[in-house]
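The sequence and coordinates come first.

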Amino acid sequence: MTKILMSNERRDFIKKTGLGLLGLSIAPSLLAQAQANGRLRTAHIGVGNMGMEDLKAISSHELVDVTALCDVDSTNLAAAQKMFPNAKIYSDYRVMLKEMEGEVDAVIVSTPDHTHAPASMMAMKMDKPVYCQKPLTHHVTEARAMNKLAAKKGLVTQMGIQVHSFYDYKLATLLIQDGIIGKVHTVRAWSPKNWGYDGPPPVGSDPIPETLDWNLWLGTSAERPYKKDVYHPGNWRQLVDYGCGTLGDMGVHIFDTPYNALNLDVPRTIVNECREPNGFGYPVNNTVTYEFPGTEYTADSLKWVWYDGPGAPPAHEDLQLPNGDKLPDQGAMFLGEKGRLLLPHFQQLPRKIVDGQYVEMDIEKYNLGKPVKDYASESKKHYHQFVDACLGKGETTAPFSYSARLTETILLGVIAGRFPGQTLHWNSKKAKFDEKEANKFLDSKYRKF
């Protein structure tokens, strides 16, 4: 596999067409991976639940050959192997990457959050492009390390925030950057989803299913007894050792467009109003307030408030809709000097609100075509973009250079949940909090397994 630099012609095309507004990376250091025979051989780490969706979407590209499959659960692995009987199967991604190094061109990581970085870093050290599910990492230090390594090696990368490539979100980005509501001073975003757990840790242990390699599932995290229905297959998001709560799950999706549209960096301060930490599960309800440095699209500083858990968001005048309309279940509201812009999540067009009334917008001028009301078709664009970029045909719009910063922002809010009601001050240059007691949550010690 050879590396090719982006051509001057393509760089000029991006500038002329304004595709950079949509978050397209055009950094000269970003290298595309070109496969000599014009096809991409993929290895998939994690093929259950979202991993299966990733597998289906990546493999739907006509130039993809699924070469290797890996999962710690043999039931998941059997289902994936049935779809791709010629692919080699593994339970340990480390063994797979070593044995298949010369037979794989790109790696897709779709594991629980705590394994994102270990698996991705190993693949990138082998010069493999990586598509990694969101949030990019479990810890802030991991996000920075993945970004640094990807840049150093010039690898094609993409984080799995499929809605980043959806019509609705592209349109909202263009509207905000075109000044549809002027400079933005506040964003309020919400999800009533509940990936929190306020109860006690489980007691005792249960027999480990024959289909599950519990040691490999734990990976680099601390060793602990297996309990049925607590960790695998679906509840790990609510637990501090494995997931990132609702903020890490839905926050990444819902933050993405405002973050991209407003060209934000990482925040200066973060405060999370939630219950006291219990060391095991994330709080069920969180209200996280960020303060960001200003950009060309914002006021001198930007206030960002995130609400999650049952009942989110609470009633607020900023979130009142015309005609007594009900807020979408999940979404974001931009507040600017010339009105508000509501962005539902997802596949609903943004709406402009001025003086308590909806205002029609001329969206035809943005030449985005017609919205697609088919999630599967919209979602595939994000995956296929990664495949095409690996083959030297274009670039990704959520590379690690972007998604690592977004993930860092999300994770700072997660850490703030360890210090309810306390304002934490983030020093981006030093990659440390001014509050020293918070710095121990920026990473964790990896267990040898």
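The model is predicted.

**The open sheet**

Six strands form an open sheet in the order β5-β4-β3-β6-β7-β8, and their pairing is parallel. Its edges are β5 (88–90) and β8 (157–160), each of which pairs on one side only. Direction ignored, neighbouring strands of this sheet are turned by 20° against each other on average. Within the sheet, β3 and β6 pair in the parallel sense over 4 bridges, and Ala43 has Val107 in β6 as its bridge partner. Helix α3 packs on the sheet, where it touches β4 and β5. The direction of α3 makes about 160° with that of β4.

**Helix α2 and its cover**

Helix α2 spans residues 50–59 and is mostly covered, with 7 of its 10 residues buried. Those buried residues are Gly51, Met52, Asp54, Leu55, Ala57, Ile58 and Ser59. An α-helix has 3.6 residues a turn, so residues three or four places apart point the same way. What covers the buried residues of α2? The cover includes the strands β3 (40–45), β4 (64–70), β6 (106–109) and β7 (130–133). It also includes the helices α3 (74–83) and α10 (375–390).

**Strand pairs around β12**

Strand β12 (residues 298–308) pairs with β9 in the parallel sense and with β11 in the antiparallel sense. Lys303 in β12 is the bridge partner of Thr186 and also that of Glu291.

| Strand pair | Sense | Bridges |
|---|---|---|
| β3 and β6 | parallel | 4 bridges |
| β9 (184–191) and β12 (298–308) | parallel | 7 bridges |
| β11 (286–293) and β12 | antiparallel | 8 bridges |

**Helices α7 and α9**

The axes of α7 (residues 167–177) and α9 (residues 245–261) come within 9 Å and cross at roughly 35°. The crossing of α7 past α9 is right-handed. On the α7 side, the residues that meet α9 are Tyr169, Ala172, Thr173, Ile176 and Gln177. Their counterparts in α9 are Thr257, Asn260 and Ala261. By class, this contact has 4 nonpolar, 4 polar and no charged residues.

**Cysteines**

The structure holds 0 disulfides. Cys132 is in none, and its nearest cysteine sulfur, that of Cys244, is 11 Å away. Cys132 is buried, with a relative accessible area of 0%, and Cys244 counts as buried at 2% relative accessibility.

**His114**

His114 sits in the loop between β6 and α5 (116–125). Is His114 buried or exposed? It counts as buried because its relative accessibility is 3%, and the cut-off for buried is under 20%. Leaving aside neighbours within four places in sequence, His114 is in contact with His138, Trp217, Leu218, Thr220, Ser221, Asp241 and Tyr242.

Technical notes. Residues are numbered from 1 along each chain as its sequence is written. This is a predicted model: local features need pLDDT of at least 70, side-chain atom pairs count only at pLDDT 80 or more; totals for chains, interfaces and linings use all residues. Side-chain values use heavy atoms; hydrogens and water are left out. Buried means under 20% relative accessible area, exposed over 50%, partly exposed in between (1.4 Å probe, protein chains only). Helices (H or I, at least four residues) and strands (E, at least two) are DSSP runs, numbered from the N terminus. Contact means heavy atoms within 4.5 Å. Two strands pair if DSSP finds at least two bridges between them. A disulfide is a pair of cysteine sulfur atoms within 2.5 Å. Axes are lines fitted to C-alpha atoms, for helices over the stretch in contact, and angles run from 0 to 180 degrees between N-to-C directions. A crossing is left-handed if the near helix is turned anticlockwise from the far one by less than a right angle, and right-handed if clockwise. Ala, Val, Leu, Ile, Met, Phe, Trp, Tyr, Cys and Pro count as nonpolar, Asp, Glu, Lys and Arg as charged, and the others, Gly among them, as polar.
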